[in-house]
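Dear colleague,

Here is the structure that I promised to pass on to you, and my notes on it follow below. Please keep it open while you read, so that you can look up each residue as it comes.

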Amino acid sequence: MNVVEDPVKESARRNPCHRKCVLCIFYDDDWDPVDLAQGRKRYMMWGKPCNSKGETMGQFCYYCVKVFCALFRSVPGMTLSNYQKSLDDVKLKLHVNMVNCVVKKITESGGNRRAVMDWDTVEDCMHW
Ligand SMILES: [Zn+2]
C-alpha cells in the first residue's frame with residue numbers, strides 16, 4: 001500500500017473535492033486534526049497519496065487506514081474492503097472511537113505519525 005511520505009508536500013499539492021471517508025466523519029477538505037492541534041492548517045491526510053492533479057485517491061482517510069493496518073491487516077483474507085463490509089453499526093462506532101483515539105495519541109506525541117503506538121492503550125480508550 002502506498003503511504004504519504006511527506007505530509008507537508010502532500011498537503012501543498014492537494015486539490016480536495018469534499019470527499020468523505022467511508023468509515024469516519026472526516027472529509028478530504030477538513031483540516032487535519034493532528035496538524036490543527038499543532039497550529040497548522042493542512043488538508044486531511046488521506047490513506048493514499050493524491051494523484052498528479054492533487055485529487056484525493058481512495059475512500060479512506062489516513063487514520064482509518066492506520067487503525068485497519070495495525071489491528072486487522074494481519075487477519076487472513078482481510079482487506080480494507082472486507083473490513084468495511086464487516087462493520088455493522090456497533091462495530092463502526094467502535095472503529096470511529098479507535099480513530100478518534102489514534103488522532104488523540106498522535107497529537108499527544110507532538111504530531112509524530114510515525115511514533116510507535118501502544119495499541120493496548122488505544123483499546124483501553126474504546127469506550128461506548
Ligand atoms: Zn476515516
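Helix α3 (residues 62-71) packs against helix α5 (residues 89-108) at an angle of about 105°, and their axes lie 9 Å apart; the axes are lines fitted to C-alpha atoms, for helices over the stretch in contact, and the angles run from 0 to 180 degrees between N-to-C directions. That angle makes α3 roughly perpendicular to α5, a term for angles of 65 to 115 degrees. By class, this contact has seven nonpolar, one polar and one charged residues, where Ala, Val, Leu, Ile, Met, Phe, Trp, Tyr, Cys and Pro count as nonpolar, Asp, Glu, Lys and Arg as charged, and the others, Gly among them, as polar. On the α3 side the residues are Tyr-63, Cys-64, Lys-66 and Val-67, and they meet His-95, Met-98, Val-99, Val-102 and Val-103 in α5; two residues are in contact if their C-beta atoms, placed from the backbone, lie within 7 Å.

Please bear in mind that this is a predicted model, in which local features need pLDDT of at least 70 and side-chain atom pairs count only at pLDDT 80 or more, while totals for chains, interfaces and linings use all residues. Residues are numbered from 1 along each chain as its sequence is written. The pLDDT, the predictor's confidence in each residue from 0 to 100, averages 88 over the protein, and 92% of the residues score at least 70.

The protein has six helices and zero strands, which are DSSP runs numbered from the N terminus (helices H or I, at least four residues; strands E, at least two).

Seven of the 10 residues of α3 are buried, so this helix is largely enclosed by the rest of the structure; buried means that 20 or more other C-beta atoms lie within 10 Å of a residue's own, exposed that 12 or fewer do, and partly exposed is in between, with C-beta atoms placed from the backbone. The buried residues of α3 include Tyr-62, Val-65 and Phe-68, and its buried residues pack against α4 (80-86) and α5.

Finally, His-18 sits in the loop between α1 (7-12) and α2, and has a positive phi of about 65° although it is not a glycine. His-18 counts as exposed, because it has 9 C-beta neighbours inside 10 Å.

Best wishes

Definitions and conventions: Angles under 35 degrees count as roughly parallel, over 145 as roughly antiparallel, 65 to 115 as roughly perpendicular and the rest as oblique.
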